[in-house]
Amino acid sequence: MSFLGNLFSGSAAQQYPDVQAKIPFEIEGDENDRRRMIALINRIAENSPTGTDVLTQAAQHCKLFLSAEQDSVGYASCGDENNPDWRIALNPTYADDVLTSTLVHESRHICQFANGCDKYDTGMLDMKSAVMLDRAMEADADSAACMTVLDLAKAGDTKAFEGFESKRPEVVRAVRDTLTNNPDATREQLQESAFRGWYDSDRLKTVYETGYYSDPMNASMFTGDMDIWQCDREMSSALVVKK
């Protein structure tokens, strides 16, 4: 039976034993939080070369913790004056099958920060450059997450793939189309398909740009505090791709 035919036939055990993390992240929180985060890390490290590489890079720079304070599945933060540390937060109200790909997505953002993307605060770049950079960052993070859950699915852990698809059906559809048309597609071709699937989705672009630009700018205009919106620095397409 084909890989696609088997894709949703497995299940992932969700237990939190007291074990060591296979990738040495610094984890904040109580013992239950620590065990849950380690289970997510090891789930990825045991079955995905892409996920292992992304998490290994991110672990050199950031801390992990669980938090339901923000209305999102997770986020990566460069910190602020009060807390300058780079951090990844995952929302514990979501299932582990969703948080698995989210951990890779946010870890990929940490890798992007380490490559210089953290230097561009909200309102610093002109709008064209800001949109190009943010779209590329999100598409890149989702392509890494998608490749990770594909690896897990091939190893029999299909639930993480389902969790990712529930949030990113457009990305999965693009990868599935590539596999259908070319069952021997390379990893590079599949990752390119995932990137394109994000980038071609008007829904995803609208969600992010409403949160990144429309809502914050409307709030700034309402309060009269427009100081952060300098929008006076340009970034070329080539530099966006490099970062």
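Which side chain does arginine 34 meet in a salt bridge? The partner is aspartate 18, with N and O 2.6 Å apart. This pair links distant parts of the chain, 16 residues apart: arginine 34 sits in helix 2 (residues 31-45), and aspartate 18 in the loop between helix 1 (3-6) and strand 1 (26-27). Helices here are DSSP runs of H or I with at least four residues, strands are runs of E with at least two, and both are numbered from the N terminus. A salt bridge is a side-chain nitrogen of Lys or Arg within 4 Å of a carboxyl oxygen of Asp or Glu.

A word on the ground rules: this is a predicted model, in which local features need pLDDT of at least 70 and side-chain atom pairs count only at pLDDT 80 or more, while totals for chains, interfaces and linings use all residues. Residues are numbered from 1 along each chain as its sequence is written, and side-chain values use heavy atoms, with hydrogens and water left out.

Across the whole structure, a search finds 19 salt bridges. One of them joins arginine 87 to glutamate 28, and the closest N and O atoms of that pair are 2.4 Å apart. Arginine 87 belongs to strand 4 (residues 86-90) and glutamate 28 to the loop between strand 1 and helix 2, so this bridge ties together parts that are 59 residues apart in sequence. Arginine 87 counts as buried because its relative accessibility is 19%; buried means under 20% relative accessible area, exposed over 50%, and partly exposed in between, using a 1.4 Å probe and protein chains only. Glutamate 28, at 24%, is partly exposed, and so is arginine 34 from the opening pair, at 22%.

Another bridge brings arginine 108 and aspartate 140 together, at 2.7 Å from N to O. Here too distant parts of the chain are linked: arginine 108 is in helix 4 (residues 96-114) and aspartate 140 in helix 5 (residues 127-154), 32 residues apart. Arginine 108 is partly exposed, with a relative accessible area of 24%, whereas aspartate 140 is buried at 17%. Elsewhere, salt bridges with shared partners join Glu26, Glu28, Lys63, Asp85 and Arg87 into one network.

## Helix 5 against helix 8

Two packed helices are described by the angle between their axes and the distance between the axes. For helix 5 and helix 8 (residues 187-199), the axes come within 8 Å and cross at roughly 130 degrees. Axes are lines fitted to C-alpha atoms, for helices over the stretch in contact, and angles run from 0 to 180 degrees between N-to-C directions. The two helices are therefore oblique to each other; angles under 35 degrees count as roughly parallel, over 145 as roughly antiparallel, 65 to 115 as roughly perpendicular and the rest as oblique.

Contact means heavy atoms within 4.5 Å.

## Serine 193 and threonine 178

Serine 193 is also found in helix 8, and at 3% relative accessibility it is buried. Leaving out residues up to four places away in sequence, serine 193 touches Ala174, Val175 and Thr178.

Threonine 178 lies in helix 7 (residues 169-181) and is buried, with a relative accessible area of 14%. With residues up to four places away not counted, threonine 178 touches Ala185, Leu190, Ser193 and Arg196.

Threonine 100 is in helix 4 and counts as buried at 0% relative accessibility. Threonine 100 and leucine 40 are 60 residues apart in sequence, with 5.8 Å between their C-alpha atoms. Beyond four places in sequence, threonine 100 touches Leu40, Arg43, Ile44, Leu152 and Ala160.

Tyrosine 75 is in strand 3 (residues 74-77) and is partly exposed at 21%. Apart from neighbours within four places in sequence, its contacts are Phe65, Gln70, Arg87, Ile88, Ala89 and Glu106.
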